[in-house]
Amino acid sequence: LANLNMLWVPDDHTAGTSGNSPFPTAAVADNDLAVGRIIDTISHSKFWKDSAIFVVEDDPQAGADHVDGHRSTFFLASPYAKRGVVNDTYYTQLNLVKTIETILGIAPMNQLDRAAEPMTDVFTDKPNFTPFTVRPNQIPLSYGLKTSPATAAVHASADPKIAAVQRQWQVWSSHQSFGGAKSAEDQSNPAQLNRLDWYSATNWSKPYPGDKAILSPYQVPGWDRPAQDLG
């Protein structure tokens, strides 16, 4: 292996609810399974003793949660990682970059990462070389596909109003650049896609944080703005 390797596991972008691609919950499960397999493979190899695997979310901006829309997840897998710890230290992408630079012994790229602090408190000097064994996915990876047996578990809401909104989101999804010959990264309006991911993950039972109701695609604030303006 090279000293630095970068992998992109792309399903965290999700692909709507058109039925031509798995539903967002299945896409996230697919990504989770892939990450688990990667860590399983490396941790059972001769490279594990010298490895630190940093897992970050692609495009975390504008993803609201119960604290702040700028937060994102970060996971560390390494014999030198503190295990079973949830670290609440305030870190940014610059701290992540500085940590990698420090491990590799390379010079900062600019003033920003030069001034950043490495993430020293996520590591320990007492290694644990126990490997990780991948866990099976709990959600069928084909969930939501029109042609999949797993779709038998997919039903429209019993509430006629919500069912009508679901159909509108299905049509919206079918017109996005999610797959096939027209696929393109970062072309869908994130304000809309964030809500669709939320609705799908909560089984259409909760409004998106900050909204008073479950919205149709064209009730979403900023629906008519280019994706690049909202990213």
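Mentor: A polar contact is a pair of N or O atoms within 3.5 Å, where, within protein, one atom must be able to donate a hydrogen and the other to accept it. Please keep in mind throughout that this is a predicted model.

Trainee: What does aspartate 159 reach at the start of H4?

Mentor: A side-chain oxygen of aspartate 159 comes to within 2.9 Å of the backbone nitrogen of lysine 161, at the start of H4.

Trainee: Which residues of H4 are buried, and what is included in their cover?

Mentor: The buried residues of H4 are Ile162, Ala163, Val165, Gln166, Trp169, Trp172 and Ser173, and what covers the buried residues of this helix includes helix H5, residues 190-201.

Trainee: Why is valine 55 called buried?

Mentor: Buried means under 20% relative accessible area, and valine 55, at 19%, therefore counts as buried. Valine 55 belongs to strand E1, residues 53-56, and, leaving aside neighbours within four places in sequence, it is in contact with Val35, Thr73, Phe74 and Phe75.

Trainee: Why does leucine 4 count as partly exposed?

Mentor: Partly exposed lies between the buried limit of 20% and the exposed limit of 50%, so leucine 4, with a relative accessibility of 46%, counts as partly exposed. Leucine 4 sits in the segment before helix H1, residues 24-43, and together with Met6, Ile103, Leu104 and Ile106 makes a nonpolar surface patch of about 510 Å².

Trainee: What makes the phi of asparagine 203 worth a remark?

Mentor: Most residues other than glycine have a negative phi. Asparagine 203 is not a glycine, yet has a positive phi of about 55°, and tryptophan 204, likewise not a glycine, has a positive phi of about 55°. Asparagine 203 is found in the loop between H5 and helix H6, residues 227-230, and tryptophan 204 lies in the loop between H5 and H6.

Trainee: Are asparagine 203 and tryptophan 204 buried or exposed?

Mentor: Asparagine 203 has a relative accessible area of 62%, which is over the 50% limit, and is therefore exposed. Tryptophan 204, at 12% relative accessibility, falls under the 20% limit and so counts as buried.

Note on methods
Residues are numbered from 1 along each chain as its sequence is written. This is a predicted model: local features need pLDDT of at least 70, side-chain atom pairs count only at pLDDT 80 or more; totals for chains, interfaces and linings use all residues. Side-chain values use heavy atoms; hydrogens and water are left out. Helices (H or I, at least four residues) and strands (E, at least two) are DSSP runs, numbered from the N terminus. Buried means under 20% relative accessible area, exposed over 50%, partly exposed in between (1.4 Å probe, protein chains only). Contact means heavy atoms within 4.5 Å. Patches are made of residues with over 30% relative accessible area and no salt bridge: like charges are joined within 9 Å, nonpolar side chains (Val, Leu, Ile, Met, Phe, Trp, Tyr) within 5 Å. Accessible areas come from the Shrake-Rupley method with a 1.4 Å probe; for residues, only the protein chains shown count as cover. A salt bridge is a side-chain nitrogen of Lys or Arg within 4 Å of a carboxyl oxygen of Asp or Glu.
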